[in-house]
2 protein chains.
Amino acid sequence: MTEKRQLAGELRLSDAGKHVVLKGWVQKRRDLGGLIFIDLRDRSGIVQAVFTPAKSEAALQIAESVRSEYVIEVQGEVVKRDDATINEKMVTGEIEVLVEAVTVLNEAKNPPFTVLDGEDVSEDVRLKYRYLDLRRESMQQTFKLRHHASQVMRSFLNDEGYLEMETPMLTKSTPEGARDYLVPSRIHEGHFYALPQSPQLFKQLIMVAGFERYFQFARCFRDEDLRADRQPEFTQIDIETSFMSEEEIMAMTERMMARVMKEVKGVDLSLPLPRLTYDDAMSRFGSDKPDTRFGLELVDLSETVKEAGFKVFKDAVAGGGKVSAINVSGFADKFSRKDIDKLTDYVKIYGAKGLAWLKVTADGLTGPIAKFFEAEEQQAIQTALEAKDNDLLLFVADKTSVVYDSLGALRQKIAKDLDLIDESVFNFLWVTDWPLLEYDADLGRYFAAHHPFTLPQKQDIDKLSSAPEQVKASAYDLVLNGFELGGGSLRIYKKDLQEKMFEVLGFTKEEANEQFAFLMQALEYGAPPHGGIALGFDRLVMLLAGKTNLRDTILFPKTASASDPLTNAPGTVSEAQLDELHLQLQAKNSEE
Amino acid sequence: MTEKRQLAGELRLSDAGKHVVLKGWVQKRRDLGGLIFIDLRDRSGIVQAVFTPAKSEAALQIAESVRSEYVIEVQGEVVKRDDATINEKMVTGEIEVLVEAVTVLNEAKNPPFTVLDGEDVSEDVRLKYRYLDLRRESMQQTFKLRHHASQVMRSFLNDEGYLEMETPMLTKSTPEGARDYLVPSRIHEGHFYALPQSPQLFKQLIMVAGFERYFQFARCFRDEDLRADRQPEFTQIDIETSFMSEEEIMAMTERMMARVMKEVKGVDLSLPLPRLTYDDAMSRFGSDKPDTRFGLELVDLSETVKEAGFKVFKDAVAGGGKVSAINVSGFADKFSRKDIDKLTDYVKIYGAKGLAWLKVTADGLTGPIAKFFEAEEQQAIQTALEAKDNDLLLFVADKTSVVYDSLGALRQKIAKDLDLIDESVFNFLWVTDWPLLEYDADLGRYFAAHHPFTLPQKQDIDKLSSAPEQVKASAYDLVLNGFELGGGSLRIYKKDLQEKMFEVLGFTKEEANEQFAFLMQALEYGAPPHGGIALGFDRLVMLLAGKTNLRDTILFPKTASASDPLTNAPGTVSEAQLDELHLQLQAKNSEE
């Protein structure tokens with residue numbers, strides 16, 4: 001067997017007559033008694049290998065002992081299949097390989113689940129045997145897509161003059177942001193490194209260093225309680241530039257996304273991408289990452305109903321809140337009273353006290369609250385919601401944030417339940433003009449809505465002290481199909497403004513200069529105007545691959561408790577290791 | 001100033017007459033009184049900006065206030081310089097920019113050192129102000145080269161069907177190898193993740209998963225005491241393949257290196273690369289990573305001198321050691337007795353008891369030991385060393401390992417001292433046929449010379465129990481100019497052989513199956529024959545950039561005590577953070 005190995009999935013009718021060497025896995029074996037068919041799988045795909053006594057008695061005998069997932073090498077002749085046995089579902093289905101010799105390269109125990117797509121296996125088992133799970137066709141495709149997308153973006157950024165640069169993983173814990181993963185130092189007793197939550201400060205330093213255009217596929221770490229779409233470590237496409245405007249950064253990002261969509265999905269993205277201000281996104285979709293693949297937009301009815309006889313609506317508006325509604329158009333007959341009760345329970349999760357509803361009939365509005373509205377008011381509601389026969393109108397009256405959260409979630413749920421979402425569509429959009437700060441009433445202080453290095457919009461800088469809540473940020477988020485792909489901003493590049501920002505966030509000048517010493521100092525030595533963006537690569541791959549679980553896009557992911565059933569990480573360590581790190585475990589609470 | 005910004009370093013005579021907008025840093029400012037010249041630097045290079053009262057009094061006035069490293073934006077006209085003022089050392093030296101308007105984008109304090117190359121600054125200061133250090137031309141070039149080399153290699157690997165895949169950073173501590181960096185788990189009390197020393201086991205699992213061709217620019221971590229060429233975190237180009245032979249992996253690596261050398265350095269690498277067996281490398285160069293840019297090869301004289309009257313030589317050979325020599329040809333007259341004494345001190349560092357020497361003159365050999373050799377023996381020595389007039393012959397007689405270490409180091413030192421090394425040359429070579437195991441006499445056990453997953457050479461497998469020290473590995477190291485660029489091997493892919501290997505290393509079957517459970521299990525489910533290579537990317541960049549310090553190739557490196565003078569990492573953390581991790585600091589020893 002000295003011929004060069006060929007790939008199973010690349011054999012075609014034009015190869016008929018060739019003698020080939022193939023190496024791969026036994027996907028399936030059918031023993032017809034004196035005749036054995038093996039679907040041989042390698043990274044390129046599958047081809048059918050046929051073992052006959054006429055061709056090789058010895059090979060047939062070996063094939064009898066072979067089982068699923070054995071690794072074998074076969075030598076044989078590519079032959080055209082009989083017309084009757086051509087398999088049009090396989091790209092190699094016009095041919096098969098008549099085996100002349102076979103070697104078992106490695107055996108395989110009977111796997112805990114088959115490597116065929118579609119078998120329902122618990123995620124724990126999948127993760128424990130990840131090396132088998134990854135053999136599935138759909139997993140192979142996802143990681144090929146992941147590679148392809150990264151190469152396309154790297155190539156794009158390279159073409160635009162960006163340098164790929166690596167920032168440290170062993171860095172310093174910073175007070176703002178999520179919880180850090182810490183790494184005890186052996187040399188410096190009692191000191192710890194922190195794994196980076198993002199390379200934010202380093203990429204700003206790279207700008208101060210004059211590189212002007214940086215990118216990195218950066219591993220980031222957050223020690224937070226995990227949700228379905230969070231992982232303790234994740235990858236972001238991290239980009240920073242100097243001397244570019246918000247518009248230029250957004251345009252560059254759009255060109256990059258267009259290149260990825262074209263090369264990876266064959267989709268032509270129409271540029272420029274749509275934009276929504278944060279305020280519009282919230283009032284029209286109840287979300288700062290609106291899914292625009294369907295309608296069901298929120299309509300503000302506060303003005304229309306504030307004088308109506310329905311006390312709930314009137315009070316909400318009078319109390320500084322609002323009344324908004326969505327029109328589930330054409331589906332009124334699909335919703336029973338019971339269905340609507342379920343929707344009411346659903347909005348309560350988001351803090352709404354209730355869900356008011358009206359149905360539109362040929363005779364006008366019906367429903368329990370219809371009676372509170374004069375004919376004129378009913379007309380006004382119908383007009384505002386463009387309501388017609390068989391529409392269901394759903395209202396929430398509450399504090400503004402509750403109205404947005406609950407109706408935003410409700411429109412998503414209803415769209416899903418009614419199958420209104422075109423899954424083949426990729427709706428990108430920008431959300432712009434974010435608030436710079438958020439006020440935490442409990443703690444009585446402002447927090448940075450993005451991070452404390454975000455540049456306020458020029459016209460609002462004067463309001464930083466007088467009306468911080470009104471200050472808009474030079475920030476932009478990229479949204480795809482209701483997921484935040486990532487976001488960016490221009491950064492503060494003058495020391496006095498950065499000090500001012502920290503002051504608004506409740507730091508004294510001394511604290512700011514101590515905790516962010518190297519940034520504050522760097523800003524004094526010729527920091528250029530700069531800004532950038534960071535996109536979640538795992539999530540992008542998830543959306544491009546049509547997956548719903550982030551774990552299907554990460555090669556070796558962690559479970560919801562941040563552990564790995566495959567390696568059993570995290571594990572225990574020896575006393576000697578702890579001693580070297582000058583640490584000891586705390587005595588456990590004996591509260592049992 | 002609405003024109004599109006242009007790059008300073010790209011302006012040429014053909015741009016004369018154009019009005020341009022430039023943004024960048026003040027590299028240098030010369031005030032000739034009523035006439036100011038500013039060297040304006042951006043990422044592309046430098047151009048001279050000229051401020052005159054005729055063109056703009058306002059701009060001139062602003063230019064008076066500008067200092068080094070200010071960030072400015074200028075608008076002006078590109079004009080041809082007078083012939084007398086053309087600067088042929090600058091690529092933009094034929095033109096200058098007559099400034100019509102200038103804006104100070106940001107000011108800069110007087111930097112602690114100038115941003116010009118060549119200024120001698122202590123490394124601590126360089127690291128503390130890394131963002132200034134990185135502005136230097138040679139640093140900018142290094143990181144452009146680093147980017148370029150990574151893009152070339154990625155593109156090569158992509159073309160050859162390799163997928164770039166990301167393995168976890170939060171993984172499990174393994175007993176073999178260097179010291180791990182540990183990351184305490186918050187959720188799993190008393191448990192720790194380990195940062196990977198390399199993705200070795202994960203890349204093997206990727207092969208078991210059937211991807212066949214993987215690569216990654218992988219961040220790796222080792223908590224070891226640092227030397228000049230070590231960093232706690234470093235980047236390796238990590239490659240793994242299935243179904244490829246040692247020859248095929250080496251050939252692929254060679255093609256990749258040839259592509260990098262061509263595209264990054266313009267050097268045509270002649271393939272295949274030279275090879276040396278480990279045994280030959282040691283006996284001819286006294287090193288497993290020989291620098292072949294110069295001669296001074298070791299010559300084994302044991303046979304020649306074993307019967308001579310010089311007891312030191314005789315005893316060394318009789319005692320199982322050897323006598324080797326190098327011929328410093330044509331330089332005998334450059335070495336005084338005192339010089340040779342210094343060389344003797346030097347070899348003592350490597351354990352040699354002394355350094356014997358002879359000089360060759362027209363009348364034969366001279367020197368203190370000449371008298372111990374008969375004329376015939378003298379002739380044999382001269383013949384073996386190809387010695388002629390004015391050659392200096394240096395001998396070490398000792399245990400084999402001491403002979404190799406000391407003469408290996410000595411040839412390197414002498415080549416450097418005598419300036420025998422052509423620094424413009426890139427001498428790649430493979431070292432092959434490594435021993436699989438090394439015996440540690442102190443601990444009385446074998447250790448894996450590479451790692452315990454290395455495949456023994458086929459013909460030696462039987463010797464694993466009977467004569468482990470004779471077993472050669474299917475391993476290969478790539479050497480460049482005396483530095484180990486990296487190495488690889490075929491891996492063990494059968495469970496019984498892996499168990500055998502662990503047994504030789506002193507693990508019981510139970511221990512092996514416990515500590516490497518997931519690998520042992522994976523080998524049971526259809527593991528393909530596989531192997532790979534890992535190359536040190538930082539070191540490759542260092543050699544390509546002509547640097548001598550690894551820290552000049554890492555954007556934000558650590559000092560020898562694994563700290564970062566810029567961010568002051570590692571730092572202290574709060575009690576609350578430690579509590580969350582169920583840890584406390586050990587009480588300090590009060591030995592003061």
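**Close-ups of the A–B model**

**View 1. A salt bridge between the chains.** B:R186 pairs up with A:D223 in a salt bridge, with 3.1 Å between the closest N and O atoms. Keep in mind that this is a predicted model.

**View 2. The interface as a whole.** The interface of chain A and chain B holds 18 salt bridges, and 65 residue pairs are in polar contact across it.

**View 3. Strand meets strand.** Here β24 of chain A (residues 583–585) runs antiparallel to β24 of chain B (residues 583–585), and 3 bridges join the two. Look for A:L585, which sits opposite B:L583 in β24(B).

**View 4. B:T553 in its loop.** This residue lies in the chain B loop between α17 (537–544) and α18 (575–580). B:T553 counts as buried because its relative accessibility is 0%. Its side chain reaches the backbone oxygen of B:D538 at 3.4 Å. Beyond its neighbours within four places in sequence, B:T553 has contacts that include B:T142, B:F143, B:R146 and B:V541.

**View 5. Helix α17 in chain A.** Residues 537–544 of chain A make a mostly covered helix, with 8 of 8 residues buried; among them are A:F537, A:R539 and A:M542. After α17(A) comes A:G546, with a positive phi near 70°.

Conventions. Residues numbered from 1 in each chain as written. Chains lettered and ligands numbered in written order. Predicted model: local features only at pLDDT ≥ 70, side-chain atom pairs only at ≥ 80, totals over all residues. Heavy atoms only, no water. Helix = DSSP H or I, 4+ residues; strand = E, 2+ residues; numbered from the N terminus. Buried < 20%, exposed > 50% of the residue type's maximum accessible area, 1.4 Å probe, protein only. Polar contact = N/O pair within 3.5 Å; in protein donor to acceptor, adjacent residues only side chain to side chain. Contact = heavy atoms within 4.5 Å. Salt bridge = Lys/Arg side-chain N within 4 Å of Asp/Glu carboxyl O. Pairing = 2+ DSSP bridges.
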